[in-house]
Amino acid sequence: DADFADCVELQPELKRLKLRKNNWESDTFEFDEVLTEFSSQKRVYEVVAKPVVESVLEGYNGTVMAYGQTGTGKTFTLGRLGDEDTAARGIMVRAMEDILADITPETDTVSLSYLQ
């Protein structure tokens, strides 16, 4: 008869996640960033992938990997084209926009791999 909805508390402003074991005990974990289900596609890109893209533009190889249970939004976050609404664009589209805006097509080449 427990209320499982209250066992995980996201605290994005503090960059923390709190797991309640019971009414008296909990464990708190701190992260570089905590994104909720209300985080925009742009915010996810800026926090997760933009630092990788910036490193790629400095000459390093870069990888962004999404891992998780089926149906949790990995493909949505990575691959949305955002045809109707540009705010819905996913990580790959935003990354390619930033890369293509920074390169010189006559001298630079771009290679992208995607595995699902």
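A short chat about the chain shown above follows.

Trainee: What kind of model is this, and how are residues numbered?
Mentor: This is a predicted model, where local features need pLDDT of at least 70, side-chain atom pairs count only at pLDDT 80 or more, and totals for chains, interfaces and linings use all residues. Residues are numbered from 1 along each chain as its sequence is written, and side-chain values use heavy atoms, with hydrogens and water left out.

Trainee: How many helices and strands are in the chain?
Mentor: Three helices and three strands, in the sequence order β-β-β-α-α-α. Both are DSSP runs numbered from the N terminus: helices are H or I with at least four residues, strands E with at least two.

Trainee: Is the chain compact or spread out?
Mentor: Its radius of gyration is 18 Å, well over the 13 Å from the globule rule for 116 residues, so the chain is more spread out than a compact globule. The radius is taken over C-alpha atoms, and the rule is 2.2 Å times the number of residues to the power 0.38.

Trainee: What does the C-alpha trace span?
Mentor: About 65 × 30 × 25 Å along the principal axes.

Trainee: Changing topic, how much is buried?
Mentor: Buried residues are 16% of the 116; buried means under 20% relative accessible area, with a 1.4 Å probe and protein chains only.

Trainee: Which residues does Val44 touch?
Mentor: Leaving out residues up to four places away in sequence, Val44 touches Leu35, Ser39, Ala49, Thr77 and Ile91. Contact means heavy atoms within 4.5 Å.

Terms used. Buried means under 20% relative accessible area, exposed over 50%, partly exposed in between (1.4 Å probe, protein chains only).
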